[in-house]
Each structure stands twice: as C-alpha cells, then as structure tokens.
Amino acid sequence: MSGRKRHLLVDTLGLVWGLAVLPASPTDWDGAVEVFERVGKAMPRLARVWADANYRAEALATWIQANARWVLDVVLKRPGQTTFEVQK
C-alpha cells in the first residue's frame, strides 16, 4: 500500500473497531476524524479515546468537542524515552 496510510480505532485489547485507508497526504488527525465519522455513532458507550503524539492537534480536539462526547487523551513519551515502552 505504497503512498497510503492506515488509521485504526482499536480497543484496549487491540480489537479493531474502525479502519480508514487514506492517501498519505492527509494529516494523522484527518485520518482519525474519518474513522470517527465512520464508526462513532455505532459506539454509544465510547467515552475516552487515547491517541499517540501524532494526534496532538488542536483541530482533532476541537472536532471531538463539536461532534462527540468523548474525552481525548494524548499519550506522550516520557522525557528521555528512546525505545518502546507500554504506557499507563
């Protein structure tokens, strides 16, 4: 899938609830919005969304506030982290 990006919505067990495959040019938060628009209304119990630092865009938080009741938590690496670590 050269030139394409996959955007996934998974639960805490890693089960896939939503997927969007888009051209590489849109931002990561554009991909998140696409996934949320596709599956968000089908998940009325969804309350909190965790995202990595690529989704640290004010525009994504603004979109969620305007279109959903979710809380967006952006998980950042701890200072000095250079390898993968499981986050709390």
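Which residues does D52 touch, not counting residues up to four places away in sequence? D52 touches V74 and V75, where contact means heavy atoms within 4.5 Å. D52 sits in strand 3. Its relative accessibility is 40%, so D52 counts as partly exposed. The classes run as follows: buried is under 20% relative accessible area, exposed is over 50%, and partly exposed lies in between, with a 1.4 Å probe and protein chains only.

Some ground rules come next. This is a predicted model, in which local features need pLDDT of at least 70, side-chain atom pairs count only at pLDDT 80 or more, and totals for chains, interfaces and linings use all residues. Residues are numbered from 1 along each chain as its sequence is written, and side-chain values use heavy atoms, with hydrogens and water left out.

Now the overall fold. The protein has two helices and four strands. Their order along the sequence is β-β-α-β-α-β. These elements are DSSP runs, numbered from the N terminus: helices are H or I with at least four residues, strands are E with at least two.

Next, the dimensions. The C-alpha trace spans about 40 × 35 × 25 Å along its principal axes. A compact globule of 88 residues would have a radius of gyration near 12 Å, and the protein has 13 Å, which agrees. That radius is taken over C-alpha atoms, and the globule rule is 2.2 Å times the number of residues to the power 0.38.

Burial and surface follow. Of the 88 residues, 27% count as buried. The protein exposes about 6,600 Å², and carbon and sulfur atoms supply 55% of it. Areas come from the Shrake-Rupley method with a 1.4 Å probe; for residues, only the protein chains shown count as cover. Among contacts between residues at least 6 apart in sequence, 30% join residues at least 24 apart.

Helix 1 covers residues 28-39, twelve in number. From first C-alpha to last it reaches 17 Å, close to the 16 Å expected at 1.5 Å a residue. The expected span is 1.5 Å times one less than the number of residues. The buried residues of helix 1 are D28, G31, A32, V33, V35, F36 and V39. They pack against strand 1 (4-10), strand 2 (16-23), strand 3 (48-52) and helix 2 (58-67).

Leaving out residues up to four places away in sequence, H7 touches D28, G31, A32 and V35, among others. Y55 is also one of its contacts.

L9 is in strand 1 too. At 11% relative accessibility, L9 counts as buried. With residues up to four places away again left out, its contacts include V35, F36 and V39. L9 and V39 are 30 residues apart in sequence, yet 9.0 Å apart in space, C-alpha to C-alpha.

V16 belongs to strand 2. Is V16 buried or exposed? At 53% relative accessibility, V16 counts as exposed. Leaving aside neighbours within four places in sequence, V16 is in contact with L8, L9 and V10.
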